[in-house]
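Let's take a friendly walk through this structure together, from its overall build down to a single residue. Have the sequence and the 3D view at hand as you read.

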Amino acid sequence: MSLSELEKERDKLMEKRDRLEEKCDMLPQCEKDDGCETCKVYDQITQIDEKIEEIENKIETLRAEKEDEE
Ligand SMILES: [Zn+2]
């Protein structure tokens, strides 16, 4: 995957994450301090976070490779 494709993919995930976060905020159980520990939406957010991190690592690697070429 190219750098711009990866960036697009990351932005898409971040948008999705924002929407989930909004949803999570509105759940009654999440008003409690530890409410999100059992919240399914939060679980999804965590999974997306992991994916975003993976993509960002790839982006970093690609950027570093590019800089080497220049
Ligand atoms: Zn929650």
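## Overall build

In this predicted model, the protein's secondary structure consists of two helices and zero strands. Its radius of gyration is 16 Å, well over the 11 Å that the globule rule gives for 70 residues, so the protein is more spread out than a compact globule. You can see this in the C-alpha trace too, which spans about 55 × 15 × 15 Å along its principal axes.

Buried residues make up 3% of the 70 residues. If you look at contacts with a separation of 6 or more, 57% of them come from residues 24 or more positions apart.

## How the helices pack

Two packed helices are described by the angle between their axes and the distance between the axes. Here, helix H1 covers residues 3–26 and helix H2 covers residues 40–69. Their axes lie 9 Å apart, and the packing angle is about 160 degrees. Because angles over 145 degrees count as roughly antiparallel, that makes H1 roughly antiparallel to H2.

The crossing of H1 and H2 is left-handed. Sorted by class, the residues in the contact of H1 with H2 are 14 nonpolar, ten charged and one polar.

## A look at Met26

Is Met26 buried or exposed? This residue of helix H1 has 10 C-beta neighbours inside 10 Å; a residue with 12 or fewer is classed as exposed, so Met26 counts as exposed.

Key. Residues are numbered from 1 along each chain as its sequence is written. This is a predicted model: local features need pLDDT of at least 70, side-chain atom pairs count only at pLDDT 80 or more; totals for chains, interfaces and linings use all residues. Axes are lines fitted to C-alpha atoms, for helices over the stretch in contact, and angles run from 0 to 180 degrees between N-to-C directions. Helices (H or I, at least four residues) and strands (E, at least two) are DSSP runs, numbered from the N terminus. Angles under 35 degrees count as roughly parallel, over 145 as roughly antiparallel, 65 to 115 as roughly perpendicular and the rest as oblique. A crossing is left-handed if the near helix is turned anticlockwise from the far one by less than a right angle, and right-handed if clockwise. Ala, Val, Leu, Ile, Met, Phe, Trp, Tyr, Cys and Pro count as nonpolar, Asp, Glu, Lys and Arg as charged, and the others, Gly among them, as polar. A residue is buried if 20 or more other C-beta atoms lie within 10 Å of its own, exposed if 12 or fewer, and partly exposed in between; C-beta atoms are placed from the backbone. The radius of gyration is taken over C-alpha atoms; the globule rule is 2.2 Å times the number of residues to the power 0.38. Two residues are in contact if their C-beta atoms, placed from the backbone, lie within 7 Å.
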